[in-house]
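Here's a walk through a multi-chain model, written for someone who likes to know the cut-offs. Have a look at the sequence and the structure first.

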Amino acid sequence: MQFFIEVMVGGLLAGVMYSLVALGFVLIYKASGVFNFAQGALVLFAALTFVSIEKMGVPFWIALAITLGIMVLMGVAIERIVLRRLVNQPPISLFMATIGLSFFIEGLAQTVWGTEVHGLELGITDEPFDVMGVFISKFDLFAATLSGVLVAGLALFFQKTKLGRALRAVADDHQAALSVGIPLKHIWAIVWAVAGFVALVAGMLWGSRLGVQFALTLVVLKALPVLILGGFTSVPGAIVGGLIVGAGEKLAEVYLGPFIGGGIENWFPYMLALVFLLVRPEGLFGERHIERV
Amino acid sequence: MKTNSLKRSVLAVAVSLGTLAAGQAWAAEQFIPIPSYRVGPYASGGSKYYGGLIDYINLVNAKEGGVGGVKLTYEECETEYKNDRGVECYERLKAKGEAGASMFNFMSTGITYATMDRASQDKIPLVTIGFGRADAKDGSVFPYVFPLITSYWSQASAKISYIGQRLGGMDKLKGKKIVNLYHGSAYGKETMPVLEAFAKKYGFELVNVEVPAPGTEQQSQWLEIRRQQPDFVILRSWGVMTPAAIKAAAKVGFPRDKIVAVWWGGSEEDVIPAGEAAKGYIAGSFASDGVGFPVIQDIQKTLYANGKGNLSDQAAIGTVNYNRGVIGGIMMVEAIRVAQGKFGKKALNGDEVRWGLEHLDLSPARLKALGAANMIPGVKTSCANHEGSGYTRFMQWDGKAWKPASGWIAPDNSVLDPLVKASADKYAKEKGITPRDCSKEK
Amino acid sequence: MIYREAGQFKINYQSDSAILPIVQDRMFMIGLMVVSFLVIPVLGSDYFLAGILTPFLILSLAALGLNILTGYAGQLSLGSAAFMAVGAFATYNFMIRIPGIPLLLALVLGGLMAALVGILFGLPSLRIKGFYLAVATLAAQFFIEWALTKFGWFTNYSSSGVISAPEMQVFGIVIDSAAKKYLFTLAIVALLTLAAKNMVRSSLGRSWMAVRDMDVAAEVIGIPILKTKLLAFAISSFYCGIAGALWAFVLLGTVDPQAFDLHRSFQVLFMIIVGGVGSILGSYLGAAFIVLLPIVLNLIGQLFHGAISTQFLSNMEMMLFGGLIIFFLIVEPLGLARLWQIAKEKLRMWPFPH
């Protein structure tokens, strides 16, 4: 039983880390209907930028501020140079553009900051502490809290502020939003900047876990099932999806793995998501679209 | 505007097709293809490895004017560590130079496998130092493949011997429990039969635990390991799996000095991302790191002091991957030197270089003369033994640098040789190859 | 002036429904076939045939398969590589387990196997749509990759898990040289392209497009959604399966699950988006773009060899590749095939556009 709880708690906490990456996708999708493939590249770029600046001897918080500035600039630049020219194009073209973007950003990151790998210490030791025999990682707890705060903030932002509502309007229909006077360009620039910020947070946490290296772009694979489970358009969905995926895959690996051969963590979350989708095709929290002829 | 940009792109394509068609002319020169990878996930290791290799080639050119008066030339081709790009590079470079490509050193298992048939057909040897098909040690079936110094199977054997040493004798292995944490891929599973054979021989319990590729998440595996309470964990990792494993081990409180990793997990790139957690971690090695070797200092003096080095970041000199590259260079250049002894001082073709690879004799004295004493174990190849050594040593990361944790450990060939033979025979049968008679080769 | 259809009359139904109704197009196609079947194998170097054209053709076939599913039937999929893997492994297993089976038969059986798996993973498409479906097809991608690595039976218990492809023979001819491999690939690809072209012009193709444009409306006018969607999955997977078998047997010479990882799926998807969704020609143009561009960039980079650090060059190539994708999408979001169409329209008017 104790082992079960330990696996589950570990899974839930890991799930929150997935949510953090999924959040970046949700933000962009919610505001512009773009499936942003470049999110993984942004995570890498943010983490690499931060570490490289800190290595120059810049103090932690200043380095963080500079990186945030760069990420915001980057978000604005992406809107200016790429997305603005693709307004009203089919979603699949926009998707492809973000793929081009991810090649570009990955190349840029390694051109500017080099291919060297770095360690990243946030000053939180990853030693476990003991709660009635169950080991819980301090670092995971910290990451989970941070993500929780971030998600709560973003959810409030989307639901309660004028800007948030404008974002949702844009996502629903670019042209209609434009015609009622919502400044599309600004909105997109803002949302890409926020996505850059989320990428930075994800990059820092994942970077301190895996080291800052190219493989950071791979964490996206863990975020995708979270995304479909929670729904592309729901911020709380990303968190709930993350929890389900995290706990589900760990429990499956430990308890189901021995029977079918182990190493099932890669596909299990997708199958899980698939089952959920068959019941609710828009994800758990996705917006339901009524189809009319 | 639109047509303009179209025109420009058409022009660009035309220009590049032109370069495709135009061959280049070479004078009496020995051509070495460099299929490197300097972008993407493995760029960090790839840049250093191929940087070291190119530096050594340039050193030989600068100091001796090439090998036996024949200048060494090279051309790079970006493989991105992808099999199809590797095949493209192979085809691009195989016929370049006066006598074609000398040999290929892909530093990638996948590309090596994908080019194996082509290479035997084209009679160009493949050099796979430390990796590749373990059964290619049998040169009678694999005349063109050279898993030099140490194959995966030899390393697996060395790991068991090392653990035995740590325990105070091979007989102490009895009743112990060892977890084999492996990458969920063909590569990861490659050593399982060997480890099982050793488990039977020494009577320890082997538990195989798979980490799904790429290995960013290992929490459940390490919880499982903690539940199993093993005495040692053998880490058969690759890429990001290594630092993630070290971090996860720290998280469940598993002592890092009880982790014994494959050499792919034994470079700075593997431990630096794990930070403090990596202190005490142990990994295999076939080429010692550091700048203490005369050959490395020579490269610094002759090339980098004159701005002719291949790497822009000089801090990389002496790192594990860089030194592996230099070793790669030494093996390749020595093969050409040996082949020149038989075929004369001219540009040699792949088949002639193959003879050189098969008659390498890097004795400790020869290594000392090359400025690489004790950097690698002595290597002596023959038709029946394409590996030439099989020795592996282990290094421990102290938080800043790798420190030797053992001497060179010999493989247990009484267990390995039958496995190599069986596997090579199976391959020969599948492919319809009649093995050469090694006793007739000179 | 050259490309003008004035004076070409269609006097019967047959000529009206010809694949290439315009004489110039027919001449061009015949010319292309003559060049690719007769001239290129003779003149092309090994590098050009084996290093460039063969991978290009095979991936075009995979892109064609995905284009049937995504471009014509409107079902977004990220599992193409998995179906390629099924095709490759099935072909391999048919070849070693049924002694003396002809290569072509094994290939077709491999394709059919992929089609079966495709139907299985196509079932969720009845309920799930758009990007949700795309991510759901990832389940196929990861599951198949896992299963092929996990179960030794698929790899015939090879110690390394990577199996080398057996020798290929068609009608007694051993396919070993670069030119033969190229011709073999070309013949299969050309045949399957012809089949695809006819399929999308048939009633099946039209019902695919109806489903793509709006499946509810299609259902209302009496198109059987289930059958149409599953057929799209089956045929698309068949194409991908054949492509996968060719990739493993002809190009790599090894059957390795890692050759069909997620990146391959993405690569195939890139091809159809850049080339043109819902266009047969687009599959080829897209494959050319995605396969050849990095190589061309690398070759251009080699010209600067020595002047600039290789590290920098390699990364510049990657950036340029990404930048060009964006550039082409901005210039023509509907893909290269659309650019081709525009060029043809212009040519029709040339030299007097008004």
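Which residue in strand 2 of chain A is the bridge partner of Val131(A)? That partner is Val134(A).

## Ground rules

This is a predicted model, where local features need pLDDT of at least 70, side-chain atom pairs count only at pLDDT 80 or more, and totals for chains, interfaces and linings use all residues. Residues are numbered from 1 along each chain as its sequence is written, while chains are lettered from A and ligands numbered from 1 in the order in which they are written.

## Chain A: the hairpin and the confidence

Strand 1 (residues 128-131) and strand 2 (residues 134-137) of chain A run antiparallel and are joined by four bridges. Strands pair here if DSSP finds at least two bridges between them. Helices (H or I, at least four residues) and strands (E, at least two) are DSSP runs, numbered from the N terminus. The two strands form a hairpin with two residues between them, and Met132(A) in the turn has a positive phi of about 50°.

How confident is the predictor? Mean pLDDT (the predictor's confidence in each residue, from 0 to 100) is 85 for chain A, with 98% of its residues at 70 or more. Confidence in chain A is lowest in strand 1, at a mean of 74, and highest in helix 2 (residues 39-55), at 92.

## Chain A: annotated spans

An unreviewed UniProt entry lists transmembrane regions for chain A, including residues 94-113 and 133-158. UniProt positions follow the numbering used here, feature names are shortened, and annotations may be inferred rather than shown by experiment.

In the model, residues 94-113 of chain A are 100% helix and 0% strand, with end C-alpha atoms 28 Å apart. Residues 133-158 of chain A are 81% helix and 15% strand, and the end C-alpha atoms of that span lie 40 Å apart.

## Where chain C meets its neighbours

Contact means that the C-beta atoms of two residues, placed from the backbone, lie within 7 Å. On that basis, 41 residues of chain A touch 36 residues of chain C. Helix 4 (91-113) of chain A is one of the elements that supply at least two residues to the chain A side, and helix 4 gives the most, with 15 residues. By class, this side of chain A has 26 nonpolar, 12 polar and three charged residues. Ala, Val, Leu, Ile, Met, Phe, Trp, Tyr, Cys and Pro count as nonpolar, Asp, Glu, Lys and Arg as charged, and the others, Gly among them, as polar.

The contact between chains C and B takes 35 residues from chain C and 36 residues from chain B. Helix 13 of chain C provides the largest share of the chain C side, seven residues. That side of chain C has 17 nonpolar, 15 polar and three charged residues.

Seven strands of chain B form an open sheet with mixed pairing, in the order 6-5-7-8-9-12-13. Strand 6 (205-211) and strand 13 (402-404) of chain B are at the edges with a single partner strand each, so one side of each has no neighbour in the sheet. Strand 12 (residues 393-397) of chain B runs antiparallel to strand 13, joined by three bridges. Trp397(B) sits opposite Trp402(B) in strand 13 of chain B.

An automatic or database domain assignment divides chain B into domain 1 (29-150 + 290-380) and domain 2 (152-285 + 394-414).
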